[in-house]
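Have the model open in your viewer and keep the selection tool at hand. We will go from one stop to the next, picking residues and looking at what surrounds them.

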Amino acid sequence: MLLHFIGIGGAGMAPLAELACRKGHKVTGSDNELNSKCRHLIELGIKITPYHCAENISEKCDLVVFSSAIAPDNCERLAAEKLHIKTLRRGEFLAEFTSSYKRCAAVSGTHGKSSITSLLVSILRKCGKNPGFMIGAEVSALPSCDIGDGDIFITEADESDGTHTKLKNFLAIVPNVEDDHSWSVGGTEALEKNFCTFAGNSENLIYYSSEKTDRLFEKHPKQLKLDKAPENFAGLYGFQAENAFLAYQAALLLGCDKKSAEKA
């Protein structure tokens with residue numbers, strides 16, 4: 001397949017484009033600024049145009065992926081529509097991509113997504129597993145993505161555009177739900193409904209208890225509700241101890257040995 005990414009240098013777009021490339025798809029992209037992520041993709045053989053232009057969309061293109069920051073009147077989106085080429089938001093394509101894995105674990109919440117995703121990937125790798133993953137931030141000890149062995153895929157799931165509702169997960173991980181992105185999804189009620197859908201689309205759920213999350217997730221049939229993390233967990237304190245404890249509990253559900261996970 002030939003895939004084109006509009007805004008390919010974005011924090012969520014670049015690793016997804018790399019994953020598609022590593023899976024054997026032909027990938028092209030465009031961005032108004034060739035940042036370090038773009039330069040990395042170019043080194044992988046991905047052709048990137050340093051501007052948006054209708055001519056970037058070829059009739060041979062099978063799919064166009066765009067971030068929620070790309071406006072509907074973007075010239076490349078319009079060109080794809082004119083050519084009747086399928087288009088997907090970044091999160092929608094992520095959902096399609098992860099469906100090829102046996103078990104997807106997705107982290108969605110107002111705070112902590114990148115930290116928890118990174119910690120969980122690190123634990124799994126140290127416990128001898130080879131997960132695919134996508135991290136929406138730069139991490140010193142890990143690449144931003146990897147395709148893994150086809151069993152487990154770990155990813156952040158963005159609630160700001162509602163696309164976390166598209167994922168079908170083995171495990172949903174929710175550290176918190178706060179009224180941060182309600183303006184972008186249609187209000188507080190819509191945001192909370194999206195989190196209910198995200199959890200409901202997942203076979204298992206881990207979350208930190210609060211008045212709001214208990215209300216939203218009370219009917220989930222396979223939930224692990226955590227009241228709080230130990231005060232000092234893995235040498236960490238405060239919110240990072242909470243993130244690490246949540247990642248540790250997720251690793252156990254994904255098959256890691258308790259002793260090995262604690263050490264990791």
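Begin by selecting Phe 97 and Phe 153: both are buried, where buried means under 20% relative accessible area, exposed over 50% and partly exposed in between, with a 1.4 Å probe and protein chains only. Before going further, note that this is a predicted model, in which local features need pLDDT of at least 70, side-chain atom pairs count only at pLDDT 80 or more, and totals for chains, interfaces and linings use all residues. Residues are numbered from 1 along each chain as its sequence is written, and side-chain values use heavy atoms, with hydrogens and water left out.

**Stop 1**

Helices (H or I, at least four residues) and strands (E, at least two) are DSSP runs, numbered from the N terminus. Now look at how Phe 97 meets Phe 153: the ring centres are 5.8 Å apart and the planes stand at 70 degrees, so the pair is edge-to-face. Phe 97 lies in helix H4 and Phe 153 in strand S9 (residues 152-156), so the pair ties together parts that are 56 residues apart in sequence.

The rule for such pairs covers rings of Phe, Tyr and Trp (its six-membered ring) with centres within 6.5 Å; planes under 30 degrees apart count as stacked, over 60 as edge-to-face and the rest as tilted. By this rule there are nine aromatic pairs. In the pair of Phe 93 and Phe 97, the centres are 6.4 Å apart and the planes are at 45 degrees, so this pair is tilted.

**Stop 2: strand S4 and its neighbours**

Strand S1 (residues 2-6) runs parallel to S4 and is joined to it by four bridges; two strands pair if DSSP finds at least two bridges between them. S4 also pairs with strand S5 (residues 86-89), again in the parallel sense and over four bridges. Leu 63 stands opposite Lys 86 in S5. Follow the chain from S4 through helix H3 (residues 75-82) to S5 and you trace a right-handed β-α-β crossover: with the strands pointing away from the viewer, the path from the first strand over the helix to the second runs clockwise.

Then show Arg 77, which lies over the face of Phe 66, at 3.8 Å from the ring centre. For a charge to sit over a ring, NZ of Lys or CZ of Arg must be within 6 Å of the ring centre and within 35 degrees of the ring normal.

**Stop 3**

Which residue has its place in the loop between H3 and S5? Select His 84 there. Its phi is near 60 degrees, a positive value in a residue other than glycine. His 84 is exposed, with a relative accessible area of 74%.

**Stop 3: helix H7**

Finish at H7 (residues 188-200). Leu 191, Glu 192, Asn 194, Phe 195, Phe 198 and Ala 199 are buried there. The face turned away from the buried side of H7 carries the exposed residues Glu 189, Lys 193 and Gly 200.

Note on methods. The expected span of a helix is 1.5 Å times one less than its number of residues.
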